[in-house]
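Trainee: I am new to this structure. Can we go through it by question and answer?

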Amino acid sequence: MATTFTFAVDCSTPAGLAALDAALVSRSYWVGFSLSQCDLDLHKAIATAPDAAKYPNVARYFAHIAALVSEGAAVSSCAACGSTSVGGAVAAGAKKAAKAADSDDDDDDSDGDDLFGDDDDAPKAPKKKPVAKAVSKKKPAKIAKTQVVFDLKPEDAETDLKVLEADVRKITMDGLSWGQEFGVADVAFGIKKLVVQCVIEDEKVFVDDLEDKIYALEGAQSMDIIAMNKMS
């Protein structure tokens, strides 16, 4: 089901991306604090990672959602999902709702048929014997995971972010997996930063241990956590 936003956004034009960039300045998700169908629809509408220098917030958001999707994060529903569309694409939610309403009306009409009929003469269905409930198999316990998004600032403008990203990905820990792609955003004075995404297993990886490994990298100046989201 498509999602419409409160303003028309054409993600294929610079003006549309600029408007979306302003709307995402303080958001990790379009609605609420977890991945929803709205985010999947918006990510699909954006289609490809934009120029991080021109649209840093859209680039960060796109990389963030891409990382969640690649990790198989749970998708929640919200009131906005299915009610609107991106870039003028009309949502099917209203049509489905109207169709469901018509169906309910038909059911009500059928219930009202033969109000004065005599049901006493109708043959009664034989009673069914109770069926023994099947014994449910014990499901394996779910592994608690957290999706972590953080900014990684380099020491100076001369630091090669591609090399820094490669060094980050070399960090291996049992229960740690890195996102498919990292974002790049402007800081100031020509300095750019990495927007890093990863997923950790709560019982195996502690954020403090991960921070120690990040700070030990050559060229890494500071690490600021943007979001930590529990994954079901």
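Trainee: Which residue lies over the face of Trp30?
Mentor: This is a predicted model, where local features need pLDDT of at least 70, side-chain atom pairs count only at pLDDT 80 or more, and totals for chains, interfaces and linings use all residues. Residues are numbered from 1 along each chain as its sequence is written, and side-chain values use heavy atoms, without hydrogens and water. A charge sits over a ring if NZ of Lys or CZ of Arg is within 6 Å of the ring centre and within 35 degrees of the ring normal. At 4.3 Å from the ring centre of Trp30, the residue is Arg27.

Trainee: How are the rings of Trp178 and Phe182 arranged?
Mentor: Rings of Phe, Tyr and Trp (its six-membered ring) pair if their centres lie within 6.5 Å; planes under 30 degrees apart are stacked, over 60 edge-to-face, the rest tilted. A search of the whole structure finds one aromatic pair. The centres of Trp178 and Phe182 are 6.1 Å apart and the planes are at 70°, so the pair is edge-to-face.

Trainee: Is Gly179 buried or exposed?
Mentor: Gly179 touches Ala67, Arg169, Gln197 and Cys198, leaving out residues up to four places away in sequence; contact means heavy atoms within 4.5 Å. With a relative accessible area of 3%, Gly179 is buried.

Conventions: Buried means under 20% relative accessible area, exposed over 50%, partly exposed in between (1.4 Å probe, protein chains only).
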